[in-house]
Amino acid sequence: AVQDLGKQVVLGRHQVAMERMYPHWKDSLAKQGGGMEKLEAKLAEISRMMAEQGIQVISFKPDPGRRPTAYEVWPGKEVVNKGGKQVEELIYKKWLLIIPTVTEYRVTRPAERGAPPRIEVITTKGFQVAISDKDKIDWTFIDGSGARVSDLRRLFITLPENMELPEIERSAGKNR
């Protein structure tokens with residue numbers, strides 16, 4: 001699902017990231033930013049500014065060198081039969097996965113003093129938080145670049161106290 005999301009972003013369909021954003025996260029961002037329309041406009045502006053500045057996402061995929069982490073979250077109850085009696089049992093209804101990612105950006109720098117335009121490739125290592133009901137496997141996402149453990153624990157109170165998120169790394173651009 002992260003790979004599919006990445007393919008859409010690489011194709012320039014940045015709106016898909018908004019559509020597939022975890023609803024409670026999206027609502028929280030919208031409240032902080034003055035409403036859903038303003039949030040959508042801000043995200044559209046980011047895409048426009050990237051294009052104006054010659055920045056293009058050329059690759060976005062799960063990082064094969066780092067392992068995902070899975071958590072069961074969103075407690076609920078289920079009625080089960082134990083010893084002939086109907087008993088409520090605590091269950092977890094959602095999966096939350098931390099998926100390390102690697103993204104490459106092509107940055108085209110304008111030509112200077114008769115030289116051709118310079119093209120740099122910048123690689124970032126980050127992560128996506130993927131959430132789905134266990135019985136549906138219909139993934140929604142939180143981009144890791146803006147997520148902190150405290151934010152995730154506020155949304156998913158059953159996450160462990162010692163939870164750690166992958167580091168976000170950016171490599172220097174390589175000229176091409």
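Mentor: Trp74 has a relative accessible area of 31% and is therefore partly exposed, a class lying between buried (under 20% relative accessible area) and exposed (over 50%), computed with a 1.4 Å probe on protein chains only. The model is predicted, so local features are taken at pLDDT of at least 70 and side-chain atom pairs at pLDDT 80 or more, while totals for chains, interfaces and linings use all residues. Residues are numbered from 1 along each chain as its sequence is written, and side-chain values use heavy atoms, with hydrogens and water left out.

Trp74 belongs to strand β2; strands (E, at least two residues) and helices (H or I, at least four) are DSSP runs numbered from the N terminus. Its backbone deserves attention, for phi of Trp74 is near 65°, a positive value in a residue other than glycine. Most residues other than glycine have a negative phi. Ile137 is another such case, with phi near 50°. Ile137 is situated in the loop between β4 and β5 and, at 46% relative accessibility, counts as partly exposed.

The side chain of Trp74 takes part in an aromatic cluster together with Tyr22 and Phe156. Rings of Phe, Tyr and Trp (its six-membered ring) are paired if their centres lie within 6.5 Å; a pair is stacked with planes under 30 degrees apart, edge-to-face over 60, and tilted otherwise. Tyr22 comes from the loop between α2 (15–19) and α3 (23–33), and Phe156 from the loop between α5 (149–155) and β6 (169–170), so the contact ties together parts 134 residues apart in sequence. Tyr22 is buried, at a relative accessible area of 3%, and Phe156 is also buried, at 1%.

The other pair joins Trp74 to Phe156: the centres lie 6.1 Å apart and the planes stand at 65°, so the arrangement is edge-to-face. Since Trp74 sits in β2 (residues 69–82) and Phe156 in the loop between α5 and β6, this pair ties together parts that are 82 residues apart in sequence.

The criterion places NZ of Lys or CZ of Arg within 6 Å of the ring centre and within 35 degrees of the ring normal. A further instance involves Trp95, over whose ring the charged end of Lys134 sits, 4.5 Å from the centre.

Trp74, Lys94 and Tyr22 are among the residues lining the second largest pocket, which also include Pro23, His24, Lys136 and Asp138. On a 1 Å grid over the protein atoms alone, a pocket is an open set of points with protein on both sides within 12 Å along at least five of seven lines, whereas a cavity is a set where a 1.4 Å probe fits but cannot get out; lining residues have an atom within 4 Å of a point. The second largest pocket holds about 170 Å³ of space, a volume being the space filled by probe spheres set on points joined across faces, edges and corners. The elements giving two or more residues to its lining are α3 and β4, and β4 gives the most, with three. The lining has four nonpolar, three polar and four charged residues; Ala, Val, Leu, Ile, Met, Phe, Trp, Tyr, Cys and Pro count as nonpolar, Asp, Glu, Lys and Arg as charged, and the others, Gly among them, as polar.

By contrast, about 1300 Å³ of space lies in the largest pocket. Its lining comprises 38 residues, with Ala17, Leu43, Ile46, Asp143 and Ser145 nearest the centre. α4 gives the most to this lining, nine residues, and by class the lining of the largest pocket has 20 nonpolar, twelve polar and six charged residues.

In soluble globular proteins, nonpolar side chains tend to be buried together.
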